[in-house]
Amino acid sequence: MTGTHDLPLTDDAVANRKAFERLLAAQKGGTLRLPAGTFALDRGIVVGSDWTLAGAEPGDGPVTTWLTSSSADGSPVVHVLGSRVTIQDIGFRPPPCSPGEHGGDLGTAITVGRYLYPAAAEWIEGIQIRRVQVERPDTRAANCIAVMGAVRDLTIAEVSIVGGCTGVAVHWGAVGDRVDSIVGPSYHPHHLSMSDLHVTDAFEGFYLSSVHDVAVERVRLSAVEIGFRLLPGDNTDRFHALRGSGAGAGHGADGSAIGERIRVSRAWVSWNGPLYAMRIAGWGRSEIDQSIRVLEYRDVVVSDCTLVPLPLVTPGSGDPRRSRAPIVLEQASGVLLDNIRIAPPAYVDLGPEWPL
């Protein structure tokens, strides 16, 4: 790190973005300290290694530094592409964006990593996202925070999100031009910790797709259509790097397998969609050859969760072939469910401190 820099920001969106870029390019790391207020960017910024972006000290209340963007190209407000980066005490209001089914890393407040890489990638590690707020209440087409591909050793804590598609999307990534033409290798986020997450009025609270070694605890997902999902990914185990003695299908250089050692605990979900509060699926259909395969979960525990069904946000919606259910398990042997409770809608009146 090379010291702390007070970043002057104004009401000029272009000047603000250039001020970020000048300091990020001129220094090899350090702390950018942002003033209190709401500041626009004409497009997103890319953050490399060894930087801390810190808003004004919020005290015990909400954040007082907000960044907005008017980008029309789907770039995240902040795109982290280097290691040892901290983002803290900042609020984000991303612009409307409709990136499509395979654009989960686009249009976000923060994206760490990439979904598709042009060539073999270096791991991004040592990332901290703390005391961050995201607001996008008018649209559910783009995610709010995305962790994609070659990312490990990441902490998300004390994050509050309103609106958007998925609050926190954690997804594999791979080398390839398109999702249906992956050539590999594939990269699977791991050694991730997420705690004290509050998501409200979004399509979904969070999902974990094709990951291993992840711990999620103390999350509150309110008035969401879907609470959370554990997914196997697009059969990308066939591209998971095979290195080291004893590494088998779906194993990386350290011997870890996709779908190992995942913990979700103390989740509170009130959901108003027509499907489910929680889905754990072990099967996936390949976008490359349309084959269906099952990836085995190992040492996965979901515990101490409360699921509260709310009235449907759109009465009469949903698939008549699939009834509304709190929990959906699909070929997910190896997953332990412990102390999962279905509570009546009146339970939401208990407020943010719920008994677990």
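Is Asp89 buried or exposed? Here are my notes, starting with that residue.

1. **Before you look.** This is a predicted model, where local features need pLDDT of at least 70 and side-chain atom pairs count only at pLDDT 80 or more, while totals for chains, interfaces and linings use all residues. Residues are numbered from 1 along each chain as its sequence is written, and side-chain values use heavy atoms, with hydrogens and water left out.

2. **Asp89.** Asp89 counts as buried because its relative accessibility is 1%; buried means under 20% relative accessible area, exposed over 50%, and partly exposed in between (1.4 Å probe, protein chains only). You'll find Asp89 in strand β8, residues 86–93. Helices (H or I, at least four residues) and strands (E, at least two) are DSSP runs, numbered from the N terminus.

3. **Who Asp89 meets.** Its side chain makes a polar contact with the side chain of Arg131, at 2.6 Å. That term means a pair of N or O atoms within 3.5 Å; within protein, one must be able to donate a hydrogen and the other to accept it, and residues adjacent in sequence count only if both atoms are side-chain atoms. Setting aside neighbours within four places in sequence, Asp89 has contacts that include Gly55, Pro58 and Arg130. Contact means heavy atoms within 4.5 Å.

4. **The cores.** A nonpolar core is a set of buried Ala, Val, Leu, Ile, Met, Phe, Trp, Tyr and Cys residues joined through side-chain atoms within 4.5 Å. The largest one has 70 residues, and Phe20, Phe92 and Phe206 touch the most other members. Apart from it lies another core of ten residues, among them Trp172 and Phe239.

5. **Val214.** Look in strand β19 (residues 212–224) for Val214, which is buried at 5% relative accessible area. Val214 and Leu154 sit 60 residues apart in sequence, and their C-alpha atoms are 9.6 Å apart in space. Not counting residues up to four places away in sequence, Val214 touches Leu192, Leu208, Arg261, Ile262 and Arg263.

6. **Ser209.** Strand β18 (residues 204–209) holds Ser209, and Ser209 is buried too, with 3% relative accessible area. Beyond neighbours within four places in sequence, its contacts include His171, Trp172 and Leu231.

7. **A sheet to trace.** Three strands form an open sheet in the order β10-β15-β16, with mixed pairing; two strands pair if DSSP finds at least two bridges between them. The edge strands, β10 (116–117) and β16 (182–187), each pair on one side only. Strands β15 (residues 173–176) and β16 run antiparallel, joined by three bridges, and Gly173 stands opposite Tyr187 in β16.
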